[in-house]
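Here are my notes, written as one colleague to another. Have the viewer open while you read, and check each point as you go.

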Amino acid sequence: MSFDTLGLSAELLRAVASQGYTVPTPVQSQAIPLILQGRDIMAGAQTGTGKTAGFTLPMLQTLATRPASGAVSNGRRPVRALVLTPTRELAAQVHESIVTYGRHLNLKSLVVFGGVSINPQIAALRRGVDILVATPGRLLDHASQRTVDLSSVEFLVLDEADRMLDMGFIRDIRRVLKLLPAKRQNLLFSATFSGEIRELADGLLSNPASIDVAPRNTPAELIAQKVHPVDKSRKRELLSLLIGKNDWRQVLVFTRTKHGANRLAEQLEQDGLTAAAIHGNKSQGARTRALADFKAGKVRILVATDIAARGLDIDQLPHVVNYELPHVPEDYVHRIGRTGRAGRNGEAVSLVCVDEKDLLRGIERLLGVTLVSEIVPGFAPDPRVRAEPIENGRRGGGGKPKRPGEQSRHGAQAHHRPAGRSGGARRRQGSRNTGTRP
Ligand code: AMP
């Protein structure tokens, strides 16, 4: 199938072609015609499936061809489309896509998120914006200052809705919904579908078309996954060795804590490798710079926490390393989804110490596979080392208001899904794995 058959305008097809895309991804070929028909959508699609273009292209087309229904308020063009995302990085990325695909159209877009001055955002909103991409917290700041008018929104997109709920945004979302007109088209994208998501969808979507492009929580087939058992105290040494020996040029490494990310980045630098850390305690400027340097190849290793990495779109990222396994099995899927994107091959390696056996088991249960385990010669775990409980840096229920990218998630248990979907058939994953088993 080609893009020409989806009903997109010549301007959009031109923008798509200039990106080098020739074949729509499954979520695109399903979502684009339905959205053009005006349907609400509930899509099970994780990052890496091409979902952003899947909702952006038909939304741009509808906005460009249909006259605005809302009146010009205070001489200002009202917002016609609102895209909500959980994190600043994802907001920036979605906005970038809107600019890219809409460059031959006469529509204005803006991204607003916290951590940066609100004043330029206010000025831009005053000048008039057709499409607004926002994180919930900053959007509500604008709403309370009456610097944004959402009464004419024709499209609402909730991107990575599961993560928004995970991050405690449900109340913010409900407050935003109250500011929107009842008649609008709603598009909900989520990698997973918990009861909470379904409840939100029920109240939000009208006769939605369901799209499910990849079995939920199943990592892309293209990602080769491997576990290296190793003592905690030797993880850094092993990581440096793997990067050096295999000549990995661009590696995204996950730690559980911000402190751990900082420390590891420093230690890798001491090992002579270029590394930067990205997490919620860093200023927006520092995060953007670290990501830009990493994308440009100036920094070889980006060490990230789960929240900070959410939504990062780095083309052709070949290697993801779980330096520490995540507390929540779903985060493993999100992490390794950074690689193997849009049809490319990727490799995800997890360094697992004795303390993390239960976390590994939880991940394998979720995936319905046993991951290939391979001891790197010289790094066999010391059998005398006993498992210790893993520190959980998170605190439950904290009272502080949450802002995107800054909060640590809590309630790991609440999002723990029941065991695997595969009826118990435990397949051995890793036919594409290259290493030999000891
Ligand atoms: P997303 O899931 O929206 O984050 O997109 C994942 C990646 O796929 C991005 O780098 C897109 O630029 C890329 N992409 C989106 N659509 C296509 C397509 N039809 N063909 C090839 N790559 C695509």
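1. Ground rules. This is a predicted model, where local features need pLDDT of at least 70, side-chain atom pairs count only at pLDDT 80 or more, and totals for chains, interfaces and linings use all residues. Residues are numbered from 1 along each chain as its sequence is written, and side-chain values use heavy atoms, with hydrogens and water left out.

2. Look for an open sheet of seven strands, ordered 10-11-9-12-13-8-15 and paired in parallel. Strands (E, at least two residues) and helices (H or I, at least four) are DSSP runs, numbered from the N terminus; two strands pair if DSSP finds at least two bridges between them.

3. One pair inside it. Strand 9 (residues 251-254) and strand 12 (residues 319-322) run parallel and are joined by four bridges. Val253, for instance, has Val321 in strand 12 as its bridge partner. Helix 11 (residues 258-270) packs on the sheet and touches strand 9, strand 10 and strand 11 (301-304). Its direction makes about 175° with that of strand 10 (axes are lines fitted to C-alpha atoms, for helices over the stretch in contact, and angles run from 0 to 180 degrees between N-to-C directions).

4. Which residues of helix 9 are buried? They are Ile197, Leu200, Ala201 and Leu204 (buried is under 20% relative accessible area, exposed over 50%, partly exposed in between, with a 1.4 Å probe and protein chains only). These four sit on the same side of helix 9 because they cover an arc of only 100° around the axis, taken from the directions from the helix axis to the C-beta atoms. Gly195, Glu199, Asp202 and Gly203 are exposed on the other side. The buried residues pack against elements including strand 1, strand 5 and helix 7 (161-166); contact means heavy atoms within 4.5 Å.

5. Two loop residues with positive phi. Arg146, not a glycine, has phi near 55° and lies between helix 6 (136-144) and strand 5 (155-158). Arg146 is exposed, at 70% relative accessible area. Asn207 has a positive phi of about 40°, and is exposed at 59%.

6. A buried loop residue. Thr49 lies in the loop between strand 1 (41-44) and helix 3 (51-65). Thr49 counts as buried at 17% relative accessibility, and touches Thr25, Val27 and Val213, leaving aside residues up to four places away in sequence.
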